[in-house]
Amino acid sequence: MPTEIIALVAIAAVVIVFGILFTFIPVGLWIAAWAANVKIGIFQLVGMRLRRIVPKRVVNPLVKAKKAGLDLKLNKLEGHYLAGGNVDRVVNALIAAHRANIELTFERGAAIDLAGRDVLEAVQMSVNPKVIETPFIAGVAMDGIEIKAKSRITVRANIDRLVGGAGEETIIARVGEGIVSTIGSNDDHKAVLENPDMISQTVLSKGLDSGTAFEILSIDIADIDIGKNIGAELQTDQAEADKKIAQAKAEERRAMAVAQEQEMNARVEEMRARVVEAEAEVPKAMAEALRSGNLGVMDYYNLQNVEADTDMRKHIGKATDEDDESIRDPHKGLD
């Protein structure tokens, strides 16, 4: 009985040990690698576990590369994994480049991957160029007519410039700038509408792919349309502005005239006040002359007679003028 218990305990211990061993060491992965003629030792797999590397994410790409005829080293794949790269994507890109006869080393592919670009998509774009469609880009010809153009840019990835090269946004911006400048350099918008390929030819000749991760193969104008008459709108706005300026100046002159009129009215009232003041001094002067003997009573009466005679003559002259006016216009005063 004790012998049977010891045997069961030994069997359980062996099962536990092998369970831990198979959990820590991916024996199935090791067998698959050896079957693919990829020589990996058990201790190398254990070392991956100790370095916190998921073995299948390194071994499976290595097996794939071996089957594709690529000679890759396990240490390089481990280093790229530890650097935070995607080993499987890099290996797929190397296989695709190898099949398409594109020169791509593991170091360059790893650098492209660590730079944040999709190296596999870059290789695929090198084989199958990509078409980038721009939105409508508006430019104004010299005659003031706005022209809107939409273009399709066919680009191919330039693997040598993927690290540090500008992306699609730069290509679209440069092409848009070229379209605007080409439209703006034409005297007549009709010439652009008649020959839209002049835009693509002019823009393509400027070497817009310099410093980018792409090589521009062609630029085609997909659609072209007429927009607003910018020149007429600018002239209308200028005329409206001139009108407002003229109105403001006229209002300023009117205000100045009103102010001058008020000033003249004030001066008239001032002069009237002075006349009234001067007339008030006459009785005082006459009284003083009478007191001092410089003016006699008879002289005063003669002065009064002269004033009365003058008033009478004024009234007679006024009546005569009114009679003459009634003779010239008999209907006046009948209304």
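Predicted model: local features only at pLDDT ≥ 70, side-chain atom pairs only at ≥ 80, totals over all residues.
The largest pocket has a volume of about 260 Å³. Two or more lining residues come from each of the elements H4 and H5. H4 contributes the most, with three residues. Sorted by class, the lining of the largest pocket comprises seven nonpolar, three polar and four charged residues.

The second largest pocket is lined by Arg117, Asp118, Glu121, Ala122, Met125, Lys130, Ala157, Leu162, Gly167, Glu168 and Phe214. Helix H8 (residues 119-127) supplies the largest share of this lining, namely three residues.

| Pocket | Volume | Lining by class | Largest contributor |
|---|---|---|---|
| Largest pocket | about 260 Å³ | seven nonpolar, three polar, four charged residues | H4, three residues |
| Second largest pocket | about 150 Å³ | five nonpolar, one polar, five charged residues | H8, three residues |

### The chain as a whole

The protein chain contains 13 helices and four strands. It has 335 residues, of which 27% count as buried. When contacts between residues at least 6 apart in sequence are considered, 67% of them join residues at least 24 apart.

### Helix pairs

Two packed helices are described by the angle between their axes and the distance between the axes. For H4 and H6, the axes come within 9 Å and cross at roughly 5 degrees. The two helices are therefore roughly parallel to each other. On the H4 side, the contact is made by Arg57, Pro61, Lys64 and Ala65, which meet Val87, Asp88, Val91, Asn92 and Ile95 in H6. This contact of H4 with H6 has five nonpolar, one polar and three charged residues.

For H5 and helix H7 (residues 106-114), the axes come within 11 Å and cross at roughly 10 degrees. This crossing makes H5 roughly parallel to H7. Here Lys76, Leu77 and His80 of H5 meet Phe106, Glu107, Ala110, Asp113 and Leu114 of H7. The residues of the contact between H5 and H7 divide into four nonpolar, one polar and three charged.

### Two loop residues

Leu70 is located in the loop between helix H4 (56-67) and helix H5 (74-82). With a relative accessible area of 15%, Leu70 is buried, because this value falls under the 20% limit. Apart from neighbours within four places in sequence, Leu70 is in contact with Ala65, Leu94, Ile95 and His98. Of these partners, Ala65 in H4 and Ile95 in H6 also take part in the contact between those helices. Leu70 and Val91 are separated by 21 residues in sequence, and their C-alpha atoms lie 9.2 Å apart in space.

Asn101 occupies the loop between helix H6 (87-99) and H7. Its relative accessibility is 73%, so Asn101 counts as exposed. Most residues other than glycine have a negative phi. Asn101, although not a glycine, has a positive phi of about 60 degrees.

Notes. Residues numbered from 1 in each chain as written. Heavy atoms only, no water. Buried < 20%, exposed > 50% of the residue type's maximum accessible area, 1.4 Å probe, protein only. Contact = heavy atoms within 4.5 Å. Axes fitted to C-alpha atoms, helices over the stretch in contact; angles between N-to-C directions. Parallel < 35°, antiparallel > 145°, perpendicular 65-115°, else oblique. Nonpolar A, V, L, I, M, F, W, Y, C, P; charged D, E, K, R; others polar. 1 Å grid on protein atoms, 1.4 Å probe; cavity = no way out; pocket = protein on both sides within 12 Å on 5 of 7 lines; lining within 4 Å. Points joined across faces, edges and corners; volume = space filled by probe spheres on them.
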